[in-house]
Amino acid sequence: MDPVKLQSRLTHFLIITGMSGAGKTQVIRALEDVGFFCIDNFPPALIDKFAELVTDSQGQIRRVALVMDIRGGLFFNDLFAALEKLEGSGYAYRILFLEASDEVLVRRFKETRRRHPLSARSGVLEAIGLERKKLEEIRGRANWIVDTSNLTPRQLRQEVTDIFSEEEDMDRLVVHIVSFGFKRGVPLDADLLFDVRFLPNPHYMDSLRNLDGTSMEVNEYVFKWSITQTFMKKLHDFVSFLLPHYRTEGKSQLTIGLGCTGGRHRSVALAEHLGELLRNDGYKVLVEHRDKAKTESGEDN
């Protein structure tokens with residue numbers, strides 16, 4: 001085999017993009033810790049030249065992470081053409097997209113007192129809306145989408161480390177399980193959604209109301225019912241059937257949403273249990289409880 005083509009097959013490029021203020025700096029630090037060669041604010045037009053340098057490294061550079069985002073201005077418009085060149089040269093690449101809610105992004109810009117790259121002629125909120133529109137296409141092509149709205153910097157770094165800590169993770173399906181409350185809206189990036197509001201509700205038990213689904217007491221209550229046990233078995237069977245087919249189609253991340261009313265009890269307990277079952281099956285699993293800490297006293301969960 002041509003040595004250049006062999007090196008291309010052995011080198012993985014990770015393209016990091018997404019919303020300004022969504023945490024790309026934290027992601028870069030985490031990737032550096034697990035062995036990635038990282039470059040921030042990389043001009044897409046230079047990617048083919050950089051790939052040549054990687055080839056010349058004779059295998060010394062195996063995993064590369066390049067941050068390409070709206071800061072590149074006009075250069076960012078070359079992103080898709082650059083990715084076509086990279087693929088044409090035989091290099092494998094994946095895309096990690098970071099996002100956060102408008103409210104969180106505005107707050108982060110205020111706290112850091114940094115200017116949004118597109119805010120020269122508008123306010124921060126308007127700039128965020130414009131950026132979302134510009135990034136729609138690349139978001140649609142992303143292999144992983146990570147919403148950092150409810151993640152601390154430490155949690156974000158841990159999540160990235162969990163995904164990319166092993167060599168084979170670039171080509172490994174990651175299952176992202178999200179518990180949520182329907183009263184706060186469904187996760188926009190969910191591939192599969194399951195409504196578990198039909199299960200017996202711990203909220204109506206005085207001793208359980210102020211606990212959440214990660215507690216032993218709530219977990220025992222939720223799973224003592226035969227309907228819960230039957231549902232979990234059928235859900236596990238269904239997801240286990242689907243995952244190999246998603247992987248065959250080249251999907252790198254599957255997001256499964258489990259929703260109850262408030263996102264505190266039932267969905268949390270089921271998300272934890274499903275995650276444990278899938279880990280035992282050998283899958284890489286990330287479990288997130290979007291609304292567990294948001295429920296106000298007196299709300300139906």
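1. First, a term: two strands pair if DSSP finds at least two bridges between them. Helices (H or I, at least four residues) and strands (E, at least two) are DSSP runs, numbered from the N terminus. With that in hand, β7 and strand β8 (residues 253-260) run parallel and are joined by four bridges. Leu 192 sits opposite Ile 256 in β8.

2. A word on the source: this is a predicted model, where local features need pLDDT of at least 70 and side-chain atom pairs count only at pLDDT 80 or more, while totals for chains, interfaces and linings use all residues. Residues are numbered from 1 along each chain as its sequence is written, and side-chain values use heavy atoms, with hydrogens and water left out.

3. Now the sheet. It is open, with four strands in the order β7-β8-β6-β9 and parallel pairing. β7 (192-195) and β9 are the edge strands, each pairing on one side only. On average, neighbouring strands are turned by 20° against each other, direction ignored.

4. What about β9 (residues 284-289)? Five of its six residues are buried, so this strand is largely enclosed by the rest of the structure; buried means under 20% relative accessible area, exposed over 50%, partly exposed in between (1.4 Å probe, protein chains only). Strand β6 (residues 174-181) runs parallel to β9, with six bridges joining them. Val 174 stands opposite Lys 284 in β9.

5. Which helix lies across β6, β7 and β8? That's α10 (residues 226-248), running at about 175° to β7. Axes are lines fitted to C-alpha atoms, for helices over the stretch in contact, and angles run from 0 to 180 degrees between N-to-C directions.

6. α10 also meets α11: their axes come within 11 Å and cross at roughly 45°. That makes α10 oblique to α11 (angles under 35 degrees count as roughly parallel, over 145 as roughly antiparallel, 65 to 115 as roughly perpendicular and the rest as oblique). The residues of this contact (heavy atoms within 4.5 Å) divide into nine nonpolar, four polar and no charged. Ala, Val, Leu, Ile, Met, Phe, Trp, Tyr, Cys and Pro count as nonpolar, Asp, Glu, Lys and Arg as charged, and the others, Gly among them, as polar.

7. Finally, helix α9 (residues 216-223) packs against helix α11 (residues 266-280) at an angle of about 90°, with the axes 10 Å apart. That makes α9 roughly perpendicular to α11. From α9, Asn 219, Val 222 and Phe 223 meet Arg 266, Ala 269, Leu 270 and His 273 in α11.
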